[in-house]
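Please look through the structure shown below before reading on.

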Amino acid sequence: MHGEYKVPGGKLVVVDFDVVDGVIRNPRVAGDFFLEPDEALADIDAALEGLPAASDAKQLSAAITAGLRPGAVMLGFSADAIAVAVRRAMTDATSWANYEWEIVHEPAVSPRLHLALDEVLATRVGEGRRKPTLRFWEWDESAVVIGSFQSVKNEVDPEGAEKYGFDVVRRISGGGAMMMERGNVVTYSLYVPSELVQGMSFADSYAFLDDWVLQGLRAIGIEATYQPLNDIASPLGKIGGAAQKRLGSGGVLHHVTMAYDLDNEKMLEVLRIGREKISDKGIASAAKRVDPLRSQTGLSRGAIIESLKQTFTDLYGATRGQIADDERAEAEALVESKFSTREWLYRVP
């Protein structure tokens, strides 16, 4: 068995082992991490030896932690990371390098068509009918995009939305409401096969799929970090958030919206951000929660997107792609049958 896991913001962990009569035998942990003292590597291998192959990540991590000698220091990886690598070896897990990637960046379409394209393209990737894809969204309309399980009346102030011209739409992924003002957000979707995140918890997969964009943001001078469960942040504040949906086809939709520029007062008129949520974030004012890309870089929105596309291309060898006519037609039909209907929008009133 062979498993690999690149720790988001950290190092690569590689695990090789045999499975004999349902237990792990001859484990060998390796990688470009740092570990002190050297002898602690043998402790990790010994901790894995003889464990049931069916052990979950929590059990594996606990065994490794218990087996480490006092004072051992792990840098760039952790017991949890080793456990993920082991679980990935036990599944059909793949890596970024196993795929031919495409980047799609096309002219603006309606918010509802963006949401329908997410469902169609993620489904097709899961079915093997499309290459794994990174798609950047363009906006010429403003919208509030609420999560799949959110209540419309709890999240959106209808008077504020009408005043500033924000449509209200519902996506298929969970998470919170995002105020998408035309020209002022950077939004992208990743459509990947489920095998890419096999062996990972949902929380691990968020960080794993966002690692490339953290590298891209650092390349333009932002000290970007991942904040569990689904936030991208910097020392100056939150930049954006991610949401994810795993489809029955075997495809995974992972999309991220980052604020390029933001009118904080307008946000407070359009979104109903409750006091409990603000308090949970440990800050006094919702207007201070988001720090946009523009203020941190001084770059145009287009320049930021081009830089992010280059980072992804450099990492994974992506080529330029496009939405096929039949994909667009399927998405347009889905707009009519689902995303434009009151039944969908108000399924949680």
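A residue is called buried when its relative accessible area is under 20%, exposed when it is over 50%, and partly exposed in between, with a 1.4 Å probe and only protein chains taken into account. Helices (H or I, at least four residues) and strands (E, at least two) are DSSP runs, numbered from the N terminus. This is a predicted model, in which local features need a pLDDT of at least 70 and side-chain atom pairs count only at pLDDT 80 or more, while totals for chains, interfaces and linings use all residues. Residues are numbered from 1 along each chain as its sequence is written, and side-chain values use heavy atoms, with hydrogens and water left out.

Helix α3, which spans residues 79–89, is mostly covered, since ten of its eleven residues are buried.

Strand β1 runs antiparallel to strand β2 (residues 12–20), and five bridges join the two; strands count as paired if DSSP finds at least two bridges between them. One of the residues involved is Gly 3, whose bridge partner in β2 is Val 15. The two strands form a hairpin with five residues between them, and Gly 9 in the turn has a positive phi of about 75°.

## Aromatic pairs

Rings of Phe, Tyr and Trp (its six-membered ring) pair if their centres lie within 6.5 Å, and planes under 30 degrees apart count as stacked, over 60 as edge-to-face and the rest as tilted. By this rule there are 15 aromatic pairs. The rings of Tyr 5 and Phe 208 are stacked, because their centres are 6.2 Å apart and their planes stand at 25°. This pair links distant parts of the chain, with Tyr 5 in strand β1 (residues 2–6) and Phe 208 in helix α7 (residues 202–219), 203 residues apart. Tyr 5 and Phe 208 are both buried.

Trp 137 and Trp 139 form a tilted pair, at 5.4 Å centre to centre and 35° between the planes. Arg 88 lies over the face of Phe 208, at 5.6 Å from the ring centre; a charge sits over a ring if NZ of Lys or CZ of Arg is within 6 Å of the ring centre and within 35 degrees of the ring normal.

## Salt bridges

A salt bridge is a side-chain nitrogen of Lys or Arg within 4 Å of a carboxyl oxygen of Asp or Glu, and by this rule the count comes to 19. Lys 6 forms one with Asp 211, the closest N and O atoms being 3.6 Å apart. Lys 6 lies in strand β1 and Asp 211 in helix α7, so this pair ties together parts that are 205 residues apart in sequence. Lys 6 is partly exposed at 31% relative accessible area, whereas Asp 211, at 6%, counts as buried.

Glu 102 and Arg 130 form another salt bridge, with the closest N and O atoms 3.4 Å apart. Salt bridges that share partners join Glu 102, Arg 130 and Glu 327 into one network. Both Glu 102 and Arg 130 are buried.
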